[in-house]
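Thanks for sending this one over. My comments follow as numbered points, to be read alongside the model.

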Amino acid sequence: MHAKTLLQSGAIFFVCVAIGVTVIELTRDEPELPLYRTLAPPTDIAADPFRAALRQCRDMGEAAIQDAGCRKLWMQARDRFLGRQHAPAAPEGR
């Protein structure tokens with residue numbers, strides 16, 4: 001009988017501790033965090049002429065597709081993204 005009483009006392013103690021921790025956690029004041037964070041644009045973007053030209057092509061809309069300058073900029077941007085130093089040479093005709 002002594003072991004049974006000890007187990008019951010341990011179970012009651014465990015439940016009391018769990019309830020106490022729950023109450024403390026629920027009553028704790030935490031500062032409200034925003035649902036999303038906005039990132040400030042880097043300050044050097046305005047000084048980068050390459051990015052400015054890309055934004056200008058973006059703002060042109062569908063007309064940028066026919067613009068040779070925009071296509072060249074997009075190829076350079078792709079090469080920068082892929083880490084290429086130079087654009088790959090076109091394959092020779094067979």
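1. What pattern does the protein follow, read along the sequence? The pattern is α-α-α-α. The secondary structure comes to four helices and zero strands. Please keep in mind as you read on that this is a predicted model.

2. The protein has 94 residues, and buried ones make up 7% of them. Its accessible surface comes to about 9200 Å², and carbon and sulfur atoms account for 63% of that area.

3. Now to a helix pair that deserves a comment. Helix H2 covers residues 49–60 and helix H4 covers residues 68–82. The two pack with their axes 10 Å apart, at an angle of about 125°. The crossing of H2 and H4 is left-handed.

4. Which residues make the contact? From H2 come Phe-50, Ala-53, Leu-54, Cys-57 and Met-60. H4 contributes Cys-70, Leu-73, Trp-74, Gln-76, Ala-77 and Arg-80. By class, the residues of this contact divide into nine nonpolar, one polar and one charged.

5. Finally, a look at Arg-51, which has its place in helix H2. Is Arg-51 buried, exposed or partly exposed? Its relative accessible area is 41%, so Arg-51 counts as partly exposed; the cut-offs here are under 20% for buried and over 50% for exposed. Arg-51 can also be placed relative to Ala-77: the two are 26 residues apart in sequence, and their C-alpha atoms are 9.2 Å apart in space.

Note on methods
Residues are numbered from 1 along each chain as its sequence is written. This is a predicted model: local features need pLDDT of at least 70, side-chain atom pairs count only at pLDDT 80 or more; totals for chains, interfaces and linings use all residues. Side-chain values use heavy atoms; hydrogens and water are left out. Axes are lines fitted to C-alpha atoms, for helices over the stretch in contact, and angles run from 0 to 180 degrees between N-to-C directions. A crossing is left-handed if the near helix is turned anticlockwise from the far one by less than a right angle, and right-handed if clockwise. Contact means heavy atoms within 4.5 Å. Ala, Val, Leu, Ile, Met, Phe, Trp, Tyr, Cys and Pro count as nonpolar, Asp, Glu, Lys and Arg as charged, and the others, Gly among them, as polar. Buried means under 20% relative accessible area, exposed over 50%, partly exposed in between (1.4 Å probe, protein chains only). Accessible areas come from the Shrake-Rupley method with a 1.4 Å probe; for residues, only the protein chains shown count as cover.
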